[in-house]
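Let's walk through a protein model together, starting with how its pieces lie against each other. Keep the picture open while you read.

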Amino acid sequence: MEAKELRIGNIIAIEGTYCTVNSIHLVPQTDEVHIRVSGYIENNPQHCIFNYDASPIPLTPALLEKCGFIRTVTPMQSVNYIDYRKGNMVCFTLPDGLVEVEYSGLGIEKRAYLTKIKYLHQLQNLYFALTGEELEVNL
């Protein structure tokens, strides 16, 4: 994960602990990127880390539900078709660990394929870009 993928408010993992990004800044002398996060060390609400110490959080069906997406099962022929819906956004979990995202401002039945993503911060960024609102995540 590169620092340029992150926005303030993204949730990332540091040594298995979920943290919220508060700031991202370049150290001019070294060209290293520092990320200031909250939630990593109990007594230090503004902990500073290097971007290479941070890990992305993989999307799972359970995590999509914690983001407010509703699991929908649609019987099709002999298979149950499962997706996760929130507003005009629809996510499909794929066997390779990716999540396919579709969106439509015209209603859920006239949606278009957007992209495939793998991590929570990517979903947060995409959701914000499409709706202008932060994605609420209840971890």
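## A helix across a sheet

Helix α2 (residues 120-131) lies across β6 (79-86), β7 (89-93), β8 and β9, and it runs at about 160 degrees to β7. Helices (H or I, at least four residues) and strands (E, at least two) are DSSP runs, numbered from the N terminus. The angles run from 0 to 180 degrees between N-to-C directions, with axes that are lines fitted to C-alpha atoms, for helices over the stretch in contact. Contact means heavy atoms within 4.5 Å.

A quick word on the ground rules: this is a predicted model, where local features need pLDDT of at least 70, side-chain atom pairs count only at pLDDT 80 or more, and totals for chains, interfaces and linings use all residues. Residues are numbered from 1 along each chain as its sequence is written, and side-chain values use heavy atoms, leaving out hydrogens and water.

Now for the sheet itself. It's an open one, built from 5 strands in the order β5-β6-β7-β8-β9, with antiparallel pairing. At the edges sit β5 (70-76) and β9 (112-117), each pairing on one side only. Two strands count as paired if DSSP finds at least two bridges between them. Strand β8 (residues 99-103) is joined to β9 by 5 bridges, and Val 99 has Ile 117 of β9 as its bridge partner.

Leaving aside neighbours within four places in sequence, Leu 123 is in contact with residues including Leu 59, Cys 67, Cys 91 and Ile 117.

How many disulfides does the structure hold? There are 0, a disulfide being a pair of cysteine sulfur atoms within 2.5 Å. The sulfur of Cys 67 has its closest cysteine sulfur in Cys 91, 8.7 Å away, so that is too far for a bond.

| Residue | Relative accessibility |
|---|---|
| Cys 67 | 1%, buried |
| Cys 91 | 0%, buried |

Terms used. Buried means under 20% relative accessible area, exposed over 50%, partly exposed in between (1.4 Å probe, protein chains only).
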